[in-house]
Amino acid sequence: MQSRVEYEERSGWSWWVHLMLLGVLVAVVWPVADAAGGGGGEGGASATGSAAVLRLLLGLGIPLLFYTFVGQLRTRVRPEGVELSWGLAGVIRKTIPFEEIQAVEAVTYSPLKEFGGWGLRFGGRGKQAWTTRGNRAAVLTLANGTRFYLGSDRPERVIQWIQMTMAKRKRET
């Protein structure tokens with residue numbers, strides 16, 4: 001059984017990522033559907049109908065897969081640590097136990113310069129990032145020396161909950 005959630009934050013992708021997904025749908029789905037459905041040529045109405053069905057399936061399926069697996073970053077502060085997961089399904093997960101966290105700080109940084117962009121990233125010199133947008137993060141310095149950048153619109157709030165939960169845990173032990 002999962003422990004209670006002390007704090008939860010969800011970070012979605014920037015507007016331009018959604019626009020890019022729409023562009024991919026238009027650029028890829030329409031030609032693929034036309035080719036598979038016969039493009040309305042000799043096949044007549046049945047080919048045009050199958051292209052429309054394929055457009056609908058791909059047009060709904062691709063975004064559904066995207067949002068299910070990587071559509072948002074969910075950060076949860078639980079009594080035992082910080083839990084991160086991607087997408088609505090939460091298939092990609094990471095838990096950072098409080099015992100591993102040595103320090104926390106809020107930073108403004110350059111995702112492009114330091115990590116080559118947003119997402120699940122590994123930078124040089126023991127740095128990792130899980131981010132969806134913006135240039136703000138709560139940086140968790142871990143016992144093994146890793147600096148873990150946790151993207152957030154409000155990193156100070158995430159840090160406040162981490163510190164409060166860690167202090168509460170310490171009092172209870």
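The model is predicted, so to speak of a local feature takes pLDDT of at least 70 and a side-chain atom pair counts only at pLDDT 80 or more, while totals for chains, interfaces and linings use all residues. Residues are numbered from 1 along each chain as its sequence is written, and side-chain values use heavy atoms, with hydrogens and water left out.

**View 1. A four-stranded antiparallel sheet.** Here 4 strands make an open sheet, running β1-β2-β3-β4 with antiparallel pairing. From one strand to the next, the twist averages 15°; axes are lines fitted to C-alpha atoms, for helices over the stretch in contact, and angles run from 0 to 180 degrees between N-to-C directions. Look at β3 (residues 81–86) and you'll find 6 antiparallel bridges to β4, with glycine 81 opposite proline 97.

**View 2. A five-stranded mixed sheet.** The 5 strands of this open sheet follow the order β5-β8-β9-β7-β6, and the pairing is mixed. Its edge strands are β5 and β6 (119–123), each pairing on one side only. Neighbouring strands are turned by 20° against each other on average, direction ignored.

**View 3. Strand β8 and its two partners.** On one side, β8 runs antiparallel to β5 through 7 bridges, and alanine 137 of β8 faces valine 107. β8 also runs antiparallel to β9, this time with 5 bridges. Valine 139 stands opposite tyrosine 149 of β9, and threonine 141 has arginine 147 as its bridge partner. The β8–β9 hairpin has 4 residues between its strands, and glycine 145 in that turn has a positive phi of about 95°. Of the 7 residues in β8, 5 are buried (under 20% relative accessible area; exposed is over 50%, partly exposed in between; 1.4 Å probe, protein chains only).

**View 4. Helix α4 and what it packs on.** Pro155, Val158, Ile159, Trp161, Ile162 and Thr165 are buried in α4. Seen down the helix axis, the buried residues fall within an arc of 160°, so they line one face; the arc is that of the directions from the axis to the C-beta atoms. Those residues pack against β1, β2 (72–78), β3, β5 (101–108), β8 (136–142) and β9 (147–151), where contact means heavy atoms within 4.5 Å.

Notes: Two strands pair if DSSP finds at least two bridges between them. Helices (H or I, at least four residues) and strands (E, at least two) are DSSP runs, numbered from the N terminus.
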